[in-house]
Each structure stands twice: as C-alpha cells, then as structure tokens.
There are 2 protein chains.
Amino acid sequence: TMDCGAIKEEIRKQGEIVRQLKAEKCDKQKIDEEVAKLLALKAQIGTEPVAQKFTLKTPKGTRDYDPKQMAIRETVFDTVVRCFKRHGASTIDTPVFELKETLTNKYGEDSKLIYDLKDQGGEMLSLRYDLTVPFARYMAMNNIQTIKRYHIAKVYRRDNPAMTRGRYREFYQCDFDIAGHYDPMIPDAECLRIVSEILSELKLGDFVIKVNDRRILDGIFAVCGCPDDKFRQACSAVDKLDKLPWSDVKAEMLEKGLTEESCDKIGSYVQMAGGLQLVEKLLSNEELNQNKLALAGLTDMKVLLQYLDLFQVTNRVQFDLSLARGLDYYTGPIFEAILLGNQDANKERVKGETVGVGSIAGGGRYDGLVGSFHPKGKSVPCVGVSIGVERIFSIIEANIKKEKGKTRTNDTQVFVASPQKGFVEEKMKIINELWNANIKAEMSYKKNPKMLNQMQHCEESGIPLAVIVASGELDAGTVKIRSVGSREERTVDRSKMVDELKGNQNNIPMFSC
Amino acid sequence: TMDCGAIKEEIRKQGEIVRQLKAEKCDKQKIDEEVAKLLALKAQIGTEPVAQKFTLKTPKGTRDYDPKQMAIRETVFDTVVRCFKRHGASTIDTPVFELKETLTNKYGEDSKLIYDLKDQGGEMLSLRYDLTVPFARYMAMNNIQTIKRYHIAKVYRRDNPAMTRGRYREFYQCDFDIAGHYDPMIPDAECLRIVSEILSELKLGDFVIKVNDRRILDGIFAVCGCPDDKFRQACSAVDKLDKLPWSDVKAEMLEKGLTEESCDKIGSYVQMAGGLQLVEKLLSNEELNQNKLALAGLTDMKVLLQYLDLFQVTNRVQFDLSLARGLDYYTGPIFEAILLGNQDANKERVKGETVGVGSIAGGGRYDGLVGSFHPKGKSVPCVGVSIGVERIFSIIEANIKKEKGKTRTNDTQVFVASPQKGFVEEKMKIINELWNANIKAEMSYKKNPKMLNQMQHCEESGIPLAVIVASGELDAGTVKIRSVGSREERTVDRSKMVDELKGNQNNIPMFSC
C-alpha cells in the first residue's frame, strides 16, 4: 500500500538503525529484530505476497492441536465436566500469569522451571505453574470459606520436554477441589468417587485407586526412628516404590542418613497394602496407635473406606502404604489412580515407556495452603483431585491409531448437494431452512461443484445424509434424501424435508477406538 | 515439617546469600527474591500457618472469573459454539506464546503492546496478540489449503486497561474463519449469516450488520484524487465516521495532506448507506465503474447481498460506505455488527460510554495474510468473523444487575437431606443411586447438618428438589420428595425414587435477565 519511493526511504532509515546498533555492539536479539524488519521492508519491493524468512514452528515443547486432536480433547473434557457438574461443582478461571511473588517459594527446586515475563515496566509476572496456587490465591484474596470448584486450564513449565511421551511445556491441568470446614472424609470420599466415575466413563481399561494418608506415613517414620527433619526425604524415597525395588529405595534412605534399622522397619510397613482389614490391623498395632499422627490418619482411613463402600467404589480402591505423592503441601489422605493396562498395552512401548499404563489422576487433602496466602493466616481445609487429561489424550490417540479408527472433526448431519450446474441459490434456500431448524448442515463453497466431489466429501467427513436437488425435484417440489453410507435415496416433499431429516439424525461418535 | 534447628540453619545460609548479593550490587529483582525467601524462612519459626507478606492481587488489567461470571461465560460460549458447529466448523488450538519473530511486523505501531517472555535461555517468545496471526502461521506451517475452523482463546495486550468498561489486558477472542479457493461471496455470506444467528440467539436486542468492501473504498479514494500512499490514512479517518461528525473526519484528512476537493468528494460517497439499490446505483456511476477495484468490489457486493437475501438476513444488513475497519490486512468485503440498544440502554452510561450499544462483532476477507507466512508465498484466501464475547459478557452482566436477576453457578437438581442426626450413611446410599442414574445431586459435607440450613442452601443455590430421609421413611422403605419452591412434599417408594426424580428434572436457566 506504500509506493516504492516511500518504502525505499524506510529501507534507508532502517539500514541506518541496524548499522548503528552493530556499531554500538548491541545485544544480538535486538540486532536480529531490526535486521528482520529491514529484510521485510526490502521484500516489499519484491514480488507480492511477501514470503517471510523466519522459522515456521511452535515454541519448544509446545504444539498446535489440530481438529482431530481437538475432537478428542472435547470429548474427554465433556465427560470430565459432566461428572464435575453431576456433583454440583461450579468453575472459576484465573489469569494465565500471576505476580511473580505469588509463585515464589511455592515449588521448591522446581521454581527454576517457571516462565517469567520480560520486565517491560510495571509488575513482575510469571506464567502459572499449576492451578492450585492460583486457586489458593483466589480463595485468600476473596476470603472464600467454602467452594466446590473445578478448573481446566493450561499451565507452563520450562521442563525438558519429552513430546513423544506426551510431556509438554504447555499442558492442561484439570483440577476439582472441595474447600471448607467439614466433617472428616465426606468430601474426600466424593473426590475418590469422582475419579472412579470419570475413569469408568472414559473406558480406558482397568484401574486401581491407591489411597494412603500423610499422617500415617509420618507416624510410621516417627515410630521407626526417622528424625523429624528427614520425614520429607524419607517420604520422597518411599514414593519411588512404584518404580524401583525396595533395595534401591532403602539405599536412597541410607544415603539420606537413616539407620539400617530404621530403614528395615520402614520397609516392613510401607510394603503393606490391603483394605479395611489392614487398617484394623494397624489400628490395633500398639506401636502405631500410640503415635497421634498415625492414629488420626488410620481412624480417618477407616471412615474413608467405609464411605467408599457406600459409594460402591471399594473394588477400585486399595489402601497402599507405599503411596507418598510428591508435593509437600498434603496434610491428610492422598490418592493416585493407576491404569492397569492389558497385556497388549504392556507390549506397546514407546522408547521404553509404556503408553496406557501408569498414574492417571491424583490428589489429596491440603489443609494449610490457603492459610499460607491469607493475610491473617486464616486456614481453609481443602481436598482435591487432578485428572491427568494430557495422558488420557495420549492414550486415546494411541488407541485410535492402533485400531485404525477414524476421527470426525465436526458433527455435520446433512450435506446439501446438486448434480446440476446453476443450483447454488436453490441449495442456499434449502440449507437456510435446515439451519433455521437447527440441523447441522454444509454445502460446497463452489458454485458448480462436481457431484462426485460432493459425495466424496461426505464420505471423508463422515456426513451421514445428503439432500439432493436438481431440476426434476425443483419442478416437483421435492428433494432426494440420500444415505451416504448405503447410497439409498428416497424422494420426499420439500415441505416434509425438515421433519424427515430431524427423524433421521443420529449421534455418530466423534471417534471409534 | 522441618524442626526449628534446621530452619535456623537455613535462615543463616539464606542471610549469607542476601548479604553477598547486596555486596555485589546485584540487580534489585534478584535481591528482592532472595529477601522474600529469607522472610518466608523467618516466618516459619513464627505461628503456623505462615501469613505471607505479599500483595494479594491479580496482575494489572487482568481478573479472575468467579463462578457466576463463569456461568455467563459458559452460556455465551455454548450458544456461539453450537452455531459454529451447526455450520460444520471444526476447532483448533495453538500455544499461548509464539516465537517472537512470528509476531514481528504484524501489528504496526501496536507491536509495543505485545507481552514478551523473559530470556531464560532458548527461544525468544511472546504472548499471542490475537488469534489470526497464529492461525495464519498454523495454516502456512502445515500447508493447509482449506479449513473451516473456530478458535476461542485468550489473547494478551499491554494496553491501558479500562476495566470498568470491560477492557482488559487478558481477554477472549472468538474467531470463525473459512479458508480456501472458492467462488466469490459464498463463504462470506455464511459468515454474515453466522453473526446474525449468534446475535439473535443471544437476545441482546436489535442489531445491524454493516457491510462494505475495501476495494470499493480504495476505488472511491482513487477516483476522488487521493494519492495511493494516503489510502490507508484516508481509510483510518473514514473509519471514525461512526463516532465523529463528518467535519472532524474531513479535518483529519486535510491534515494528512488531502485536498479540500478530494475530501468533499470522498465525503459525498462515504456518507451513503443502503441496500441492493445503492449498489446498482453505484455500479451505474460511470466514474466508479471505470475503476477496476471499485467495479470488482461492487460486483461482489451485489452477489453478497443477493445471497444474504436467500439466507434471510437482509433486514439485518446495511451496505454502509463509511465502514472501513482498522486492520490493514483486509482485501475485500468487511463487516461489523452494531447493537442498536434501546432508549433505556442509551441512558445507562458508564463514565460517558454507553454499555450495551456499539460494535459487537466484526470481520472481513483477508486473502494475503497466510501467503505472507508461507515459505513460498503460497496464498490461501480467507474470510472470517470475530465475535466480541467480552463485550457480550459485560452486557449480560449489566442486564442481570439491572434486572436484579439471580445467577446459578451449578445445575444441581436434587439435594439429599435429613432432619435427623446419624443419617450420613443413608444419605450416601441415596446420593450414590442418584449419581448412578446420572442425576445431578448434592448433600451436606457435615455429618449432622440442621434441616433449616440444608433447605436454605437449596433455596440460595436454586436447587429445585430435595430427597428427604428420616427414621420413618427408612422403616417404610420410602423417601420424601420435596419441591423446594412450593414446599410441597410427597412420599414415594424408595425403589421408585430415581424414576420419580428423573421425571421431575427440569432445565432451570442458569440466569435470568
């Protein structure tokens, strides 16, 4: 839109800027930016449209979701959200970035993985690292005492991405939490019921939900002679028991300074797993039940398992003393759902890691976190669960690939077509009627498309029905309704078209696997 | 969880770090961070939980969405997405940040409003400024020739926020675009039909969709003697005609160096508005129809208006020669939907700006943008529309406030209650049956809540039905079903409870206004 003379003048000025920056030995990024501007200006005198010289990619560790991936994502979120709503949850949203200080001292060593925004004047900001800290900030800031909310949003971690295994720098978290001063284990039991409902509905295969309690673990560490200041280290070692043999875990604990005797005693406890019977057995263990933390944890565990029985999820739940969970802020029950996978899935390994087997949801009680944000330290007990939706996407994608399933990227029911030229306006009248009747409908954006191409489009996109109009139909005041799959056609009165189509709409699943 | 001795040792070490940084005159941000860590450690020896000293707020120009705002947001998105799907659109998603160079030279002067990420090693990144550039990048990167997609996501602009008027630094965009080499005006007409469907369904009041064509404007500028290199400046002046009187617009054009004669001639054109008749009149204007651009634009406008008539939106559409649109990349038809508001709404002014009146959707054809990203400059013609969802949220929120309407934050149908103590397990059995039957149900998280509190909760949350159980019902194998609104109760067999409730579920709107 600028004339050549004006552009040449711009190029001259921009060249001056670049030369000056180079002379001043300005930082490379700045120079590169100005050079890019110069090249873009120069390109304007060349052919239109201007081809850019830059790299066409998404940032490291991130990806676009294409329509097929989005169809899977939508189906998963739909199932998850329906469950949350069945349990009366509302939802909130928070900004993608927080004040830097809100995130400071919340993630220990992992703080180095936080994305900071550039200082462009004003506040220092960071991208959110999880949804729990923003939730606690929201609660404290608005002085909220009770809430049952879910939050589905992307979080950001400058981790080493392993994209083939579904580990990204930008990824979804999907959290459900119940906050408020309530009676023991009633909200906790509902969280576990929710995990069970979601995993059952998603049909990902068999799963088990492991439960434990931080107080039971701390009680065990205490009675086994582990010093107070080594509890978290012992906890972190025990947490690896799902991946490492006991001997390796023991070695780690010895290295952290625990005695051989302590380790062996801890080992005898944390390798136990069972149900209500095991809780009763530990409750009658006089060493443990003298420890206040262990007693409180075991008493609650008994109540929890009884409630879970009423919620009909006992067959999915296992009290597993090796479950420790990574995060520091848990104060009571903790849980983790594991996909058991089948033999096929176990064979399907990507670079040594199994796809479709492993932790798929986790959570627990954290009664102190909100208080740590509140100006007066006012605490709000919370229990919550996080559904591993990214893992779920990967599993479903892998299943579709394995089964060579098709994914629809829209849910169009009817395609309006004509084998004759000159019917674009007639097709528009018809599709207008369909849209008015809330029928999902498409037609070609070409004026005179070939019939073959129109039918191929239906087959490829999985559109089940076509309305066909040509001069014969137009004269008779009819249309043909064609079933794309069977190629059967029948002629119906134009006035009955909408009713006929509405009766024939069906819910084709967005993908099969 | 650490003992006092260990914390004191940590404090000593952290104090050392701070002293050293200060001695080295390190940058203030770094020192502040380490001081914050030190204070946090010191606070740990104080009372538990630790009250933090930092500001509890969201970053400047951003906000949390609370459950009521989310209920409105969901309802709006639901209407918008249902419409997009009715037209066969799929959806994509892109990362929240892009390589900085992807955004360079795309936004002219507004580039200064782009949020950059801090250089933490690796690529230089920026938060997305809109959804159109990421879409064009996605298309070029994947060499996509045709797509009909929508994208709803947040974008980021370091603008001066005006939050009382609904202008934020983090806000939603909601874009629908049709890309591909098609016949003129068929996708364009569908975009306008979509705007009309969405605004009608949202019931925001009367609206008009103004349409114009960049080629018609450029043709007018040319025949009025405006120099080529002043087209965009003239365009930007004309764009203000909806807010300023012609005299002010003319003054701006004179200032940009247009002649008095040019200005007056442009003025006589751009103040015209009408329908198909006006197009015909201009097509027979020998001055205009000699200009290739104007002729092409007017010819397409005629086709577009004819198609819009078949799509039954003519009464909503006005061909308005003053519509110019801000963005540089439009190459053909442009459009903008304006809420007309009613007299009441016109009176309702917030700081001089009307709420509920003004531009609510806009878009147009941009045939060159994708090509500017493609390594070989391969172009993909696009036409799209952006729905102003943030404005729509504000209008609905204002309406609810005005009408003193209530907003539900969940859609719970049944509350399970008991007037007696000791019924938590019985209530759990009942609610478990309801969840199994996919009925949205809640109960108190207290073991023995007061009946009054339970019923109050139902009234406040708008839960329509309660299932009540006490010893009488338990013995008789029945439950009471109570209508919360009318307080009517009836006793039904426990075995018929689910069927009774399913028959009585109703869709209560999430808000009324």
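**Exercise 1. Is Leu41(A) buried or exposed, and what does Leu41(A) touch?**

Solution. Start with the accessible area: Leu41(A) has a relative accessible area of 11%, so Leu41(A) is buried. Here buried means under 20% relative accessible area, exposed over 50%, and partly exposed in between, with a 1.4 Å probe and protein chains only.

Before going on, note that this is a predicted model: local features need pLDDT of at least 70, side-chain atom pairs count only at pLDDT 80 or more, and totals for chains, interfaces and linings use all residues. Residues are numbered from 1 along each chain as its sequence is written, chains are lettered from A and ligands numbered from 1 in the order in which they are written, and side-chain values use heavy atoms, with hydrogens and water left out.

Helices (H or I, at least four residues) and strands (E, at least two) are DSSP runs, numbered from the N terminus.

Now list the neighbours. Leaving out residues up to four places away in sequence, Leu41(A) touches Ile7(A), Glu10(A), Ile11(A) and Gln14(A). Contact means heavy atoms within 4.5 Å. Ile11(A) is 30 residues away from Leu41(A) along the chain, yet their C-alpha atoms are separated by 6.1 Å.

**Exercise 2. In what order do the nine strands of the open sheet in chain A stand?**

Solution. Read across the sheet: the order is β1-β4-β5-β13-β12-β9-β6-β8-β7 (chain A), and the pairing is mixed. Then look at the ends: β1 and β7 (273-274) of chain A are the edge strands, each with a single partner strand, so one side of each has no neighbour in the sheet. Two strands pair if DSSP finds at least two bridges between them. As background, strands of a sheet pair through backbone hydrogen bonds, either parallel or antiparallel.

Walk through some pairs:

- Strand β1 (residues 90-91) of chain A runs parallel to β4(A), joined by two bridges, and Ser90(A) faces Arg149(A) in β4(A).
- β4(A) pairs with strand β5 (residues 170-179) of chain A in the antiparallel sense, over ten bridges; Ile152(A) has Cys174(A) in β5(A) as its bridge partner.
- β7(A) and β8(A) run antiparallel, with two bridges; Gly274(A) has Phe319(A) in β8(A) as its bridge partner.

Nine of the ten residues of strand β4 (residues 147-156) of chain A are buried, so β4(A) is largely enclosed by the rest of the structure.

**Exercise 3. Which helix lies across β4, β5 and β13 of chain B?**

Solution. First find the sheet: chain B has an open sheet of nine strands in the order β1-β4-β5-β13-β12-β9-β6-β8-β7, with mixed pairing. Its edge strands are β1 (90-91) and β7 (273-274) of chain B. Inside it, strand β4 (residues 147-156) of chain B and strand β5 (residues 170-179) of chain B are antiparallel partners over ten bridges, with Tyr156(B) opposite Glu170(B).

Then find the helix: helix α3 (residues 67-86) of chain B lies across β4, β5 and β13 (382-387) of chain B, at about 160° to β4(B). Axes are lines fitted to C-alpha atoms, for helices over the stretch in contact, and angles run from 0 to 180 degrees between N-to-C directions.

**Exercise 4. At what angle do α7(B) and α8(B) pack?**

Solution. Helix α7 (residues 214-223) of chain B and helix α8 (residues 231-238) of chain B pack at about 110°, with axes 10 Å apart. They are therefore roughly perpendicular. Angles under 35 degrees count as roughly parallel, over 145 as roughly antiparallel, 65 to 115 as roughly perpendicular and the rest as oblique. Residues in the contact include Leu217(B) and Phe221(B) of α7(B), and Phe231(B) and Cys235(B) of α8(B).

**Exercise 5. How many residues has the largest nonpolar core?**

Solution. The largest nonpolar core has 108 residues. Such a core is a set of buried Ala, Val, Leu, Ile, Met, Phe, Trp, Tyr and Cys residues joined through side-chain atoms within 4.5 Å. Phe84(B) is one of those with the most contacts inside the core. Apart from residues up to four places away in sequence, Phe84(B) touches residues including Tyr150(B), Phe176(B) and Ile387(B).
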